[in-house]
Amino acid sequence: MASVLLSVNQVSKSYGARKAVDGVSFQVQQGQTVGLIGPNGAGKSTTVGMICGLLSADSGGIVMDGAPIGQGSSEAKRKIGFVPQDLALYDDLSSLENLKLFGALYGLKGALLKQRCEQALALVNLADRANDQPSTYSGGMKRRLNIAAALLHDPQLLILDEPTVGVDPQSRNAIFDTLETLKAQGRSLIYTSHYMEEVERLADHIVIIDHGKVLADETPAALYRRLPAQAALRAELAAAPSAALLSGVQAQPGVTGVQGEGNALDIGLADAAHAPAVLAWLVQQGTPLLHFATAKTSLENIFLNLTGRSLRD
Ligand code: ADP
């Protein structure tokens, strides 16, 4: 069994009267990727700030590889790499020179510093742009340079705070490729996001946080089992469905929920196997069906289930 690398124990933090983090606990195992998900203002940044030792907890404690994270520099903190959303980069220096500065802050020098900078740039796929200034980079490339900077001291745990915010889809994929490589190398990751599909793609374990509290701490498969609908069916009709049709659909075997949206019906199913009978029933009602599609329900719905609201407004 994997061993515990990071243990967050009942940490709380207030800003004035506002409780940003309220008794949060979770663990990261060696080699595990944990997705920390919640809407804006949920307390994700404050939580990761405390893990990195950038913010002090009002109560509770954090243990990294057996040693407590405190204030000031420590061996425990050196085992963590942090990728903030924005990093202060010197625009008149090349990316390589910027990285050398970051590496020097960690006490790296000489051949080791050069080697780590080159390795990190290669990993984030920026080796061919090493001598260009970050001001010539796209938003996504700057984000990848931030990841490279956080890897120079070879941390066991890499923490990324919403690394895809403001990044185009192509760069998002490049960031994911980098993170998948890091995962395959056996590094542990904490990834914060308010996009469930991003967390789902990477995470072995998902921690859902809202109003500073942990609402769920499970594998994606366990979260899926909590969803009332395992599959979804979307049917486009010629006209908006009547209330009678909606309640008729709701009464069909295997239907867990139904919603009308314009001329479409969104139907939740306990299992995809119920889809043909539901479609046949719709046709029997004399309802012209223009188009239908089936889908696996998304974990995005789990947040709605837990809180009664969606992850994003
Ligand atoms: P998230 O990262 O999930 O968006 P944050 O940890 O940034 O959430 O914020 C949690 C709560 O704490 C929010 O209500 C936010 O407004 C508040 N908060 C965060 N940082 C500060 C700060 N420096 N001063 C006052 N309130 C803050």
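Into which domains is the protein divided? In this predicted model, domain 1 covers residues 4–224 and domain 2 covers residues 231–296. The C-alpha centres of domain 1 and domain 2 sit 42 Å apart.

Five of its five residues are buried, so E3 is largely enclosed by the rest of the structure. As for partners, E3 runs parallel to strand E8 (residues 188–193), and five bridges join the two. Here valine 34 stands opposite isoleucine 190 of E8. E3 also runs parallel to strand E9 (residues 205–210), this time through four bridges. Isoleucine 37 has isoleucine 208 as its bridge partner in E9.

The largest core holds 47 residues, and the members touching the most others are Ile147, Leu158, Leu179, Ile206 and Ile208. Helix H5 (residues 139–151) supplies the largest share of this core, namely seven residues. A second, separate core has 25 residues, among them Leu5, Ala20, Phe26 and Ile190. Setting aside neighbours within four places in sequence, leucine 158 is in contact with Gly81, Val83, Ile147, Ala150, Leu151, Leu182, Ser188, Leu189 and Ile190.

Then there is an open sheet of four strands, arranged E2-E1-E4-E5 with antiparallel pairing. Strands E2 (18–29) and E5 (67–68) are at the edges with a single partner strand each, so one side of each has no neighbour in the sheet. Further in, strand E1 (residues 4–15) and strand E4 (residues 59–64) run antiparallel and are joined by five bridges. Asparagine 9 stands opposite glycine 61 of E4.

Helix H9, residues 243–250, shows a two-sided pattern. Leu245, Gly248 and Val249 are buried in H9. Viewed down the axis of H9, the buried residues fall within an arc of 100°, so they line one face of the helix. Ala243 and Ala244, on the other side of H9, are exposed. The cover over the buried residues of H9 includes strands E11 (231–237), E12 (255–261) and E13 (264–269), along with helix H10 (275–284).

How values were computed. Residues numbered from 1 in each chain as written. Predicted model: local features only at pLDDT ≥ 70, side-chain atom pairs only at ≥ 80, totals over all residues. Heavy atoms only, no water. Core = buried A, V, L, I, M, F, W, Y, C linked by side-chain atoms within 4.5 Å. Buried < 20%, exposed > 50% of the residue type's maximum accessible area, 1.4 Å probe, protein only. Contact = heavy atoms within 4.5 Å. Domains from an automatic or database assignment. Pairing = 2+ DSSP bridges. Arc of directions from axis to C-beta.
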